[in-house]
Amino acid sequence: MQAEGRPGRARLLKFGMVMSPRVWLNARIDLAATCLFSLFNVVMNQFFITFALKQGASNAEAGLLAAAPAVGLIFSPLWAALIERSGKPKPYVVLPNLVGRLLILLPALFPDPQVYVATAFAFQLLMGIQAPAYAAFLPKVYPPDLRGRLMGYVRMASGVLMIPMSYLVGVWAEASGPSGPLAAASLMGVASILLFQKMKLRKEPPRRTAPPRFSPRSQWELVKSNRPLAAFLGATMFAGFGNMLAYPLYQIFQVSYLGLSNTEIGLTRVAYFTALLLTYLVAGRMLDRFDIRYTLLAGIGAYAVVPMLYGLWGTYEAVMLGNFIQGMGEAIWDIGILAFIFRLAPGREGAVFSIHLMLFGIRGTVGPLLSTGLSGHLTLSWMLLFASACGWIGTLLFAGGMLRRGRGEPESAG
């Protein structure tokens, strides 16, 4: 259906949104690629540590697996500077993802805990390259007034698929072991990124000046000059540290303390992806239409509630509810943080997002290693309650920064 727009430029009306043919093409490619990626997402992000524990991984190895996503991100500012200078983020998104998804075949062929650990670190080092590139890539794909809804709709469709997939992967692994799900996830992940690379980017005029080279001082000045950004980074540092401190404990609690089967764990993931789906549907609309700070506050608060449920109750029902709330929080962090950064620092999205990723790298490395290292000396309940306290501190920091900003600080201070 055609809609009126600027003279000489075709415009389309799709799902209540007016967009160009290029944006509509990108949305369809993004949708198809994300749906193909759903199986990889379920296996890698929800079952990989569980599979390793079932193959005999120790608590220390579980801590390394939980820390792996953070290690590569510590170097994100370096990659972000290189990506900014190149002005071409697409290769930095496609190539690391292609190689990384192929690596997941290794534990499928060699099911040993050490292979799981080595594969996870190699994969996540590559993800440290693509993460800041994706933040710089996305503004060239979708316009700002449609970005939240389109990201939400695409991820909502993926969430519909991941609900049954999470159960089926658990049943599949219970029947024949993890090798089949891992191999299938790798192949679907490769197909997804090969389709994703067909996206068309917005044409931009040539740069007149080169972006600045990376330096820690320039990164610090960027944060120092933007108070809302500083409040946001402080809040996510505390809440994110609590989440990463608790993350391997969730897996250990489910496998070693409650003794859940792969099928029972699959049902908890159904709760997670159901919440993910519903939150993508609601949050995408909220990000485009309402003050983003309130949506993000709910996402940060979710990371305080989940470890509290595990620590205070510790039942299978608490695990189910915790997975549901975790899905809500991660959906908001997924699209909310990117949208928040786009508004805080337009034109410097990649650089600012790389700072966020670097801080995630620090807390994501220290948190899991600390909690699993202490798991032989402290009870899981006490460590989970400490993680919850970190989450509440982050929530209060963001709420306080939000109130101060509401008294006169601008929406964007890039």
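Visitor: In which helix is the place of Ile362?

Guide: This is a predicted model. The place of Ile362 is in a helix that covers residues 349–374. That helix is α14.

Visitor: Is Ile362 buried, partly exposed or exposed?

Guide: Buried means under 20% relative accessible area and exposed means over 50%, with partly exposed in between. The relative accessible area of Ile362 is 37%, so this residue is partly exposed.

Visitor: Which residues does Met358 touch, not counting residues up to four places away in sequence?

Guide: Met358 also lies in helix α14. Its relative accessibility is 26%, which lies between the limits of 20% and 50%, so Met358 counts as partly exposed. With residues up to four places away in sequence not counted, Met358 touches Leu73, Ile74, Ser76 and Pro77.

Visitor: How many Å apart in space are Met358 and Ser76, C-alpha to C-alpha?

Guide: Ser76 is one of the residues that Met358 touches. In sequence, Met358 and Ser76 are 282 residues apart. In space, their C-alpha to C-alpha distance is 5.8 Å.

Visitor: What is the secondary structure of the chain?

Guide: The chain has 414 residues, and buried residues make up 55% of them. Its secondary structure comes to 15 helices and three strands.

Visitor: What share of the contacts between residues at least 6 apart in sequence join residues at least 24 apart?

Guide: The contacts considered here are those in the chain between residues at least 6 apart in sequence. Among these, the share that joins residues at least 24 apart is 84%.

Visitor: Are the rings of Phe48 and Tyr116 stacked, tilted or edge-to-face?

Guide: The structure holds 10 aromatic pairs. In the pair of Phe48 and Tyr116, the ring centres are 5.0 Å apart and the planes are at 55 degrees. Planes under 30 degrees apart would count as stacked and those over 60 as edge-to-face, so the pair of Phe48 and Tyr116 is tilted.

Visitor: How many residues apart in sequence are the parts that the pair of Phe48 and Tyr116 ties together?

Guide: Both Phe48 and Tyr116 are buried. Phe48 lies in helix α1 (residues 21–54), whereas Tyr116 lies in helix α6 (residues 113–137). The pair therefore ties together parts whose separation in sequence is 68 residues.

Visitor: Which residues do ring pairs link into a cluster?

Guide: Ring pairs also join several aromatic residues into a cluster. The linked residues are Tyr250, Phe253, Tyr257 and Tyr310.

Visitor: Over the face of which residue does Arg269 lie?

Guide: Arg101 lies over the face of Phe40, at 5.7 Å from the ring centre. Arg269 is 5.8 Å from the centre of the ring over whose face it lies, and that ring belongs to Phe47.

Visitor: Is Leu39 buried or exposed?

Guide: Leu39 lies in helix α1. Its contacts, not counting residues up to four places away in sequence, are Met165, Val169, Ala184, Ala185 and Met188. With a relative accessible area of 12%, under the limit of 20%, Leu39 is therefore buried.

Visitor: What is the relative accessibility of Val169?

Guide: Val169 is found in helix α7 (residues 144–176). Leaving aside neighbours within four places in sequence, Val169 is in contact with residues including Leu39, Phe47 and Pro181. Val169 counts as buried because its relative accessibility is 2%.

Visitor: How many Å apart in space are Glu84 and Ala136, C-alpha to C-alpha?

Guide: Glu84 lies in helix α3 (residues 76–86) and is buried, with a relative accessible area of 14%. Glu84 and Ala136 are 52 residues apart in sequence. Their distance in space, C-alpha to C-alpha, is 7.9 Å.

Technical notes:
Residues numbered from 1 in each chain as written. Predicted model: local features only at pLDDT ≥ 70, side-chain atom pairs only at ≥ 80, totals over all residues. Heavy atoms only, no water. Helix = DSSP H or I, 4+ residues; strand = E, 2+ residues; numbered from the N terminus. Buried < 20%, exposed > 50% of the residue type's maximum accessible area, 1.4 Å probe, protein only. Contact = heavy atoms within 4.5 Å. Phe/Tyr/Trp six-rings, centres within 6.5 Å; stacked < 30°, edge-to-face > 60°. Lys NZ or Arg CZ within 6 Å of the ring centre and 35° of its normal.
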